Amino acid sequence: MKVSLGFILALSLAGLQFIAITTVVLTTYFSTEAAMLKHARELLRDAGTSVIDHSVRFLEPAAEAASLSSRLAESGLVNPDDTAAMENFLFQHLQTAPQLNGAYYGDEAGNFVFVMREEQDYVFRTKIVDRSGADRTTELIWRDAGFVVGRRANDPTDDFDPRSRPWYDNAKKSNGSIAWTDPYIFFSSQQPGVSVSAPVTDRDQELRGVIGVDIEISEISSFLADLNVGQSGTALIVDRFGRVVAHPDPVELRKNKADGLLDFSHITEIDDPVTRAAFANATQSVWGIDSSVEVGFDFDRQSYLMLAQPIKGFDLQWTIVIFAPEDDFISGIKDNRRRNIWLALLISVISALVGLALAELILRPVRAFAVRTSLVSQGEVSANETLPRTYRELDRANQTLIREIAQRRDSEFKVKELSRDLTHFSRINLLGQMATGLAHELSQPLTAITQNVDTAKTIANTECDKDSPLLDILQELDEQAHRGGDVVHALRGLVRRDEDSAHPFDFADLVRQTTKIMRHEADLNDIEIEYVDTKIPPVIGNPVQIAQVLINVMRNAIDAISTAGSRERKVTITPVLSDDSVEIQVADTGPGISPDVTLFKRFETNKPNGMGLGLSICKGIIEENGGKMWYESEGLETGYFCFTLPV
């Protein structure tokens, strides 16, 4: 059974559209899936980096304070044995670093000075343990922000010994560097914090004592509470033991131990079910890591992304843990993707229906032609009757084809001429390449000449008198060598391949370059080239092409003056600003243009050996650069060439 052409055409149109749309949709589906997950991970990494940066900036003052205090004490600027001076020094530290909760110094004899912030009646409270006498004394001093004593008291029950504290022992074993404690709950403020300390040694490197500071880290939890990780994501910080040291909900941080004291909650003790699911399979490798770890987990039929990233720069071994549902980042993209799939299916159906209608429209005249052919073959219709519309369209197409053939025959001649022009242009291109090579070869000996002349001038200035004629000769030789280099440089700029696009440039500078190229030819003919330097803004165009126009017009002027033997021998270039363009006038003292010559017409010239292409090419160049070119002669004796360039 033969298949209908209309069915094949409709099926092809609809099928191709369906395949194309389906391919695009499927490709977009899988590519956006990977892109969405990559985007979500990048957002998690950005959030982790933000938390790390904030934590490092928050903790840096404590490390700097401990290190600075240690160096000052060792240098003798602060005497650790002078209790009053040490108290004042620690007080100043708390004044300059608001995130510090306390600063203290303990020595090998058990003496101790501690200045801390007070949140009750006074701003600061000092604790001084003195073991220098026969009996141990503990004095408490309350001060205001101006270091003025508010009240004093003694605590005979105090038995605090700094030498038994972890911060003292850590600094003692640190080999001269600062030491961090693991996070703990401060006894006085009941807030989470860490201590950082540094040893103080004497000149013989013997330990005199330890100086340190306390810094509360609850502010980091406040930062985590304000951090947006998707719509419902969570960020927290755990230490090397898996204890939570910073959490958006401060209540989750602390728990009561069996002895009634407060301690940090372990990550597995957090009351949040999502957090428990995130760390259900967590091991030591999650919070004791040296590099970032990215994992995923499922909870309540949702997929979650999780990032663990260590905080480096301090000896704390803390880890940032961030997790959030994938849909927090990509739910909108998924919804849009589903809409696009349904839209693609709808477009496919509509395209199929349009394809059927289009096939019917295309095949209708073909079927009419088939019916008429069948009727003519059966003798039921005369062949001389009016043809269907399809035949008239084919007849017009045939007539058009005949006209095209005639036009091609006629064009075999706008071709021979073009071939001749191309041959000539190829010779010009060859000459340009030769000029480029010649300019390159000349630049090297000119460079050597200028260098040798500079050396000779240096020697002559040293060994000869200032009035020696040799200095004048060397100076003139140096100037001429540099002038030759400028000419070679301008020539290379002119003949190099024209790859520049139109851009603003200084027209006066371009005239100076082209004048250097034409200087030798003008000097041979005893002709002066003058540029009337008026104040004009930069013009827009292709400098190399505009230079070609200038050289062609100046060469024509030089030829005209030389051929006519004019007494006054001068070429004048004058720019005139008008509105949004600059008009450049090139005048000469030659005899002018013969009225028999049609300017700017190809192959028409008044030169014996000219081809008549220069002005037509120049006019085309100017027009391509947004200007126009003409010859001004009305009311003038000789006339001059003009062209414009946009400013």
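A charge sits over a ring if NZ of Lys or CZ of Arg is within 6 Å of the ring centre and within 35 degrees of the ring normal. Keep in mind that this is a predicted model.

Q: How do you know how far the charged end of Arg143 is from the centre of the ring of Phe147?
A: The distance is 3.9 Å, and the charged end of Arg143 sits over the ring of Phe147. The cut-off is 6 Å, so the contact counts. A second case is Arg151, which lies over the face of Trp142 at 3.6 Å from the ring centre.

Q: Why is the pair of Phe112 and Phe114 called tilted?
A: Planes under 30 degrees apart count as stacked and those over 60 as edge-to-face, with the rest called tilted. The planes of Phe112 and Phe114 stand at 35°, so this pair is tilted, with ring centres 5.9 Å apart.

Q: What makes Phe112 and Phe160 an aromatic pair?
A: Ring centres have to lie within 6.5 Å, and here they are 4.7 Å apart, centre to centre. With 45° between the planes, this pair is tilted as well. The two residues come from distant parts of the chain: Phe112 is in strand β2, Phe160 is in the loop between β5 and α3, and 48 residues separate them.

Q: Is Phe112 buried or exposed, and how do you know?
A: Buried means under 20% relative accessible area. Phe112 has 3%, so it is buried. Phe114 is buried too.

Q: What makes Asn452 buried or exposed?
A: The word exposed is used for values over 50%. Asn452 has 53% relative accessibility, so it counts as exposed. You will find Asn452 in helix α9 (residues 416-463).

Q: Why are β10 and β11 said to pair?
A: Two strands pair if there are at least two bridges between them. Two bridges join β10 to β11, and these strands run antiparallel. Ile237 stands opposite Ala246 in β11. The two strands form a hairpin with five residues between them, and Gly242 in the turn has a positive phi of about 85°. On to another partner: five bridges join β10 to β16, again antiparallel, and there Ile237 stands opposite Ile320.

Q: What makes β11 and β14 the edge strands?
A: The open sheet has five strands in the order β11-β10-β16-β15-β14, with antiparallel pairing. β11 and β14 each pair on one side only. For β14 the partner is β15, joined by seven bridges, and Val293 stands opposite Ala308 in β15.

Q: How do you know that strand β10 is mostly covered?
A: Five of its five residues are buried. On one side these are Thr234, Leu236 and Val238, and on the other Ala235 and Ile237, so both faces are covered.

Q: How do you know how the reach of helix α12 compares with the span expected?
A: Helix α12 (residues 543-564) has 22 residues and reaches 32 Å from its first C-alpha to its last, close to the 32 Å expected at 1.5 Å a residue. At its start, a side-chain oxygen of Asn542 comes to within 3.1 Å of the backbone nitrogen of Val544. After the helix comes Gly565, with a positive phi near 65°.

How values were computed:
Residues are numbered from 1 along each chain as its sequence is written. This is a predicted model: local features need pLDDT of at least 70, side-chain atom pairs count only at pLDDT 80 or more; totals for chains, interfaces and linings use all residues. Side-chain values use heavy atoms; hydrogens and water are left out. Helices (H or I, at least four residues) and strands (E, at least two) are DSSP runs, numbered from the N terminus. The expected span of a helix is 1.5 Å times one less than its number of residues. A polar contact is a pair of N or O atoms within 3.5 Å; within protein, one must be able to donate a hydrogen and the other to accept it, and residues adjacent in sequence count only if both atoms are side-chain atoms. Buried means under 20% relative accessible area, exposed over 50%, partly exposed in between (1.4 Å probe, protein chains only). Rings of Phe, Tyr and Trp (its six-membered ring) pair if their centres lie within 6.5 Å; planes under 30 degrees apart count as stacked, over 60 as edge-to-face and the rest as tilted.
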